[in-house]
Amino acid sequence: MSTSIPRVLSIAGTDPTGGAGIQADLKSIAANGGYGMAVVTALVAQNTVGVRSVHVPPVSFLREQLDAVSDDVGIDAVKIGMLATAEVTIAVDQWLARVRPPVVVLDPVMVATSGDRLLDAEAEQALGDLARRADLVTPNVPELAILAGEPVATSWDAVLEQAARVSARYGVLVLAKGGHLRGADLPDALVDAAGETPTVTEIPGVRVDTTSTHGTGCSLSSALATRFAVSRDWENALRESKAWLVESLQHADSLDVGTGHGPIHHFGGMWARGGTATRPSPQEVTAGWWSDVSDIRAEIDELPFVCGLGDGTLDRDAFVWYLTQDALYLRDYSRVLAQASRLAPTAAEQAFWAASAQGAILGEMQLHESWVPPETIGRAAPSPTTSAYLDTLLAAGARGDYAVLVAALLPCFWIYHDVGQRLERLSHPGHPYSSWLETYADESFALSTAQAVQIVGTAAAAADESTRTAMGEIFRVCAGHELAFFAAPLGTQGRAVGQEPALPGSLTRAAP
Ligand SMILES: Nc1ncnc2c1ncn2[C@@H]1O[C@H](COP(=O)(O)OP(=O)(O)OP(=O)(O)O)[C@@H](O)[C@H]1O
Ligand SMILES: Cc1ncc(COP(=O)(O)O)c(N)n1
């Protein structure tokens, strides 16, 4: 198969109330992981109570529909349902002979649950020929009896024996279904008597207490075609399809459709597990956060410290004070990066954070040591601003929520790279801070930043709503810490070294 999403074609009749026929097939194919396509054999005026009338379009038009699909789209599996007439059955048989789709599941629909005929009596011979071409036939108990040319079986053992005779007669695998028998147990079995050694693979089940069973056969056969197209294993496909069908029956009563036998809820389990809320892409999340901190970024760009760093007029003592604080910051920042590596869900992310931890402690320490002697760093104490930033990061690391932790780590990459890129353009051979300016704009830091943005964005897109909100909040808090960190050496008003300013306005809005 060329794609992991199987393209499954249903050839069947319609049910305008959406519970059976082609409408049910398309829902079932989608719920079981396939791309559904549909060619209509007959238009049926029916509802949950019964069939009112059947309109069979000209067979030439059926052929046109079938060719329109197969001339254009690769077909991974076909499910055949209601065929209505012998002429339609023969046309489908001829198309199958020509196109040879890799998987064919035939649900030999003859009589609706309501008792109405959905296949002309004279079409039964043609249906037998079609069964020979199928990989799996899925008759209910009365349909099995017609295929066998025998009376209807009334016990599960009799159903299995009849299924074996049908399997041998048509040379096809048969799904024997217990749906029409009475009792709390509801087994299904794959019966193969076409080869040398007959086999019966029984999957036990219990009856779900509901009257909403309209379209179970249509839905099960579509699920089987879809799942087999992927797994190539009938037993596995049946186990999975039956588990899905049971949960769809369990959710059926939450629908309010019709006054007769209602439909199953094809997406009941899926909605309960995953809801219907959409999720933003990784890029949308991180772009949103970036624009949310545009005020903080603008404040950083205007800081006297950043402007002085760019034009080289910054007081050297202020720069050394900044680097000393940065060195103290980087030691613990590296530990928090290592914690992200410890919590990472994939080997690639583990390696990324571990490499970043090493980069922070080695590469950047070298830069600091060329400006500030290690003894000076050893004697220095972290300023309140440095401590506040580190406390936020260390606490996020200690809480152990990977997604929130990496969102907290991101501004240090992204804002530094962003500011660094602009400052680097101002660097020149005689610039007093050129070695610093060039570090944060270099290519490997740009690559690390892009990787960090990608990792954090992916974690945010996969996270639930409340985690994603917490990630965005801590991203803004840490962007605020970046602003405070750049502001600290001079203060927002350009104060002297050592006199740390009060927190800038933007920080008071988002407390760690
Ligand atoms: N009440 C139920 N509880 C659990 N499983 C059920 C129930 N009703 C039907 N099923 C499942 O649905 C499958 C199809 O049911 P059934 O044998 O009635 O086929 P069918 O008559 O072809 O269906 P349809 O109602 O579409 O004509 C069964 O194999 C069984 O696994
Ligand atoms: C078009 C079409 N195909 C199949 C069925 C069988 O389903 P059920 O036996 O649940 O009525 C149906 N009613 N309509």
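## Ligand 1

Around ligand 1 there are 22 residues, of which N140, K177, G179, T216 and G217 come nearest; a residue is near a molecule if its C-beta atom, placed from the backbone, lies within 6 Å of it. Helix 7 (216-231) and helix 8 (234-250) are the elements that give two or more residues to this shell. Helices (H or I, at least four residues) and strands (E, at least two) are DSSP runs, numbered from the N terminus. By class, the shell around ligand 1 holds eight nonpolar, 10 polar and four charged residues. Ala, Val, Leu, Ile, Met, Phe, Trp, Tyr, Cys and Pro count as nonpolar, Asp, Glu, Lys and Arg as charged, and the others, Gly among them, as polar.

## Basis of the model

The model is predicted: local features need pLDDT of at least 70, side-chain atom pairs count only at pLDDT 80 or more, and totals for chains, interfaces and linings use all residues. Residues are numbered from 1 along each chain as its sequence is written, while chains are lettered from A and ligands numbered from 1 in the order in which they are written.

## Ligand 2

Ligand 2 is surrounded by 18 residues, and G13, A20, G21, A112 and T113 are the closest. Two or more residues of this shell come from strand 3 (43-46) and from helix 7. The shell around ligand 2 divides into eight nonpolar, nine polar and one charged residues.

## Overall form

The protein chain has 21 helices and 10 strands. Its radius of gyration, taken over C-alpha atoms, is 34 Å, well over the 24 Å that the globule rule gives for 512 residues, so the chain is more spread out than a compact globule. That rule is 2.2 Å times the number of residues to the power 0.38. Along its principal axes the C-alpha trace spans about 100 × 45 × 45 Å.

## Helices 13 and 16

The axes of helix 13 (residues 316-343) and helix 16 (residues 384-399) come within 9 Å and cross at roughly 5 degrees. Axes are lines fitted to C-alpha atoms, for helices over the stretch in contact, with angles from 0 to 180 degrees between N-to-C directions. Helix 13 is therefore roughly parallel to helix 16, a term for angles under 35 degrees. The contact of helix 13 with helix 16 has eight nonpolar, four polar and one charged residues.

## A272

A272 is found in helix 9 (residues 268-274). A272 and H251, 21 residues apart in sequence, are 9.2 Å apart in space, C-alpha to C-alpha.

Definitions and conventions. Parallel < 35°, antiparallel > 145°, perpendicular 65-115°, else oblique.
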